[in-house]
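This report goes through annotated residues, pockets and some local backbone features of one protein model. The structure is shown first.

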Amino acid sequence: MKITNIGDKKQASFYVATELYKQMIHKKESKLGLATGGTMIEMYEALVSLLEKNQPDVSQVETFNLDEYIGLDAEHPASYHQYMNNILFDQYKGFDSAKCHLPNGVADNPEVEANRYEALLDEKGPMDLQILGIGQNGHIGFNEPGTAFDSVTHRVDLTDSTIEANSRYFDDKADVPKQAISMGLRSIMKAKRIILLAFGEHKKEAITQLASGNITTDVPATILHLHPNVEVYVDDAAMPD
Ligand code: GLP
C-alpha cells in the first residue's frame, strides 16, 4: 500500500475522478464500487465535468455503493440514494438507473436485504475499481472498529463517534439513524483495485494508524494492507508526520 500526498484536495479529487473515468472508457461494462461522504464531493464534481465534456456511453457501467442508512428511503435528503442522484446520476444522464445499486434502507427485513445485496455483489462482481473514504475511527463503508475481517454485507450498529461525525448532514443529531446496511470488509476486499481518499486534519489520526502497518480490527481500514492493489491519496492536513 502506498500513501501519497499528491497535493491538495482538488488535485487528489481530479486524479481519482480521472481514474474512474478511464476505467469506464477502458471497459464499457465496468463494475464500480462507489462511496459517499463529504470527502467525495469534489471528486464526483470533477467526474461529472469529465463526463459532460467527453459524453461517453456509460449505459453498461454498473455501480455498487458501499452502504445506506436503515430507515431512510431513497427520497430522504440525507440518504445515500439522494446523495448519489444529486451528485452523479442526475448530473450526467447516461447511467442506467437499473444498474446503479445501493442497499435498500427501508427493506422490511434488513438482514434479508443485506443478504440480497451480498448475493448481487457475488453475481456481478468483482469491482474493477472500489473507491473508499475513511471514518475518523478508521471505518470503511460503515464497518466500525471490531468488525470481523471476514464480514460480508450486514446490518451495522453505528458508533456514537460516527453518529456525531455524520450529524452535520442532518438537521438534528437525533435524526441520524443508529443503524446502516454496509458492505462487509470481505466484500470490499474482493475488488481488483482500491483507491482510498482522506482529507483534513480530522482524518490524520486514522491515516497515521493506517500508515503504521499494524493490521487490527480496531482500525478496520488496516485490512487493506492484505490487498495487493491499494492506493491511498491524502492532502497535507491528513498526511502522517
Ligand atoms: C461515512 C461513510 C463512509 C465515509 C466516511 C467518511 O460514515 N459511511 O463511507 O467514508 O463516513 O465520511 P466523510 O467523507 O464525510 O468524512
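The text below covers the annotated sites, then the pockets, then individual positions.

The model is predicted; local features need pLDDT of at least 70, side-chain atom pairs count only at pLDDT 80 or more, and totals for chains, interfaces and linings use all residues. Residues are numbered from 1 along each chain as its sequence is written, and side-chain values use heavy atoms, with hydrogens and water left out.

**Annotated residues**

An unreviewed UniProt entry places the feature "domain: Glucosamine/galactosamine-6-phosphate isomerase" at residues 15-225. UniProt positions are given in the numbering used here, feature names are shortened, and annotations may be inferred rather than shown by experiment. The span 15-225 is 34% helix and 14% strand, and its end C-alpha atoms lie 22 Å apart. Helices (H or I, at least four residues) and strands (E, at least two) are DSSP runs, numbered from the N terminus.

The UniProt annotation "active site", also from an unreviewed entry, covers Asp 67, Asn 137, His 139 and Glu 144. Of these residues, Asp 67, Asn 137 and His 139 are included in the lining of the largest pocket.

Asp 67 belongs to strand S4 (residues 67-69). Asp 67 counts as buried because its relative accessibility is 4%, where buried means under 20% relative accessible area, exposed over 50% and partly exposed in between (1.4 Å probe, protein chains only). Not counting residues up to four places away in sequence, Asp 67 touches Thr 36, Tyr 80, Leu 102, Pro 103, Gly 141, Phe 142, Ile 181 and Ser 182; contact means heavy atoms within 4.5 Å. The Asp 67 side chain reaches the backbone nitrogen of Phe 142 at 3.4 Å.

His 139 sits in the loop between strand S6 (129-132) and strand S7 (154-157). With a relative accessible area of 10%, His 139 is buried. Its contacts, not counting residues up to four places away in sequence, are Gly 133, Ile 134, Glu 144, Thr 162 and Pro 220. With Glu 144, the side chain of His 139 makes a side-chain to side-chain polar contact at 3.1 Å. A polar contact is a pair of N or O atoms within 3.5 Å; within protein, one must be able to donate a hydrogen and the other to accept it, and residues adjacent in sequence count only if both atoms are side-chain atoms.

**Pockets**

On a 1 Å grid over the protein atoms alone, a pocket is an open set of points where a 1.4 Å probe fits, with protein on both sides within 12 Å along at least five of seven lines; lining residues have an atom within 4 Å of a point.

H5 gives the most, with four residues.

The lining of the second largest pocket consists of His 81, Asn 85, Phe 89, Asp 90, Lys 93, Phe 95, Ser 97, Cys 100 and Leu 102. Here H3 gives the most, with three residues.

**Other positions**

Val 61, in the loop between helix H2 (41-54) and S3, counts as buried at 0% relative accessibility. The C-alpha atoms of Val 61 and Phe 95 are separated by 7.2 Å, although the two are 34 residues apart along the chain. Glu 62 lies in strand S3 (residues 62-65) and, at 5% relative accessibility, also counts as buried.

Gln 55 is in the loop between H2 and S3. Its phi is near 50°, a positive value in a residue other than glycine. Gln 55 is exposed, with a relative accessible area of 52%.

The peptide bond from Gly 125 to Pro 126 is cis, with omega near 5°. Pro 126 is in the loop between helix H4 (110-124) and S6.
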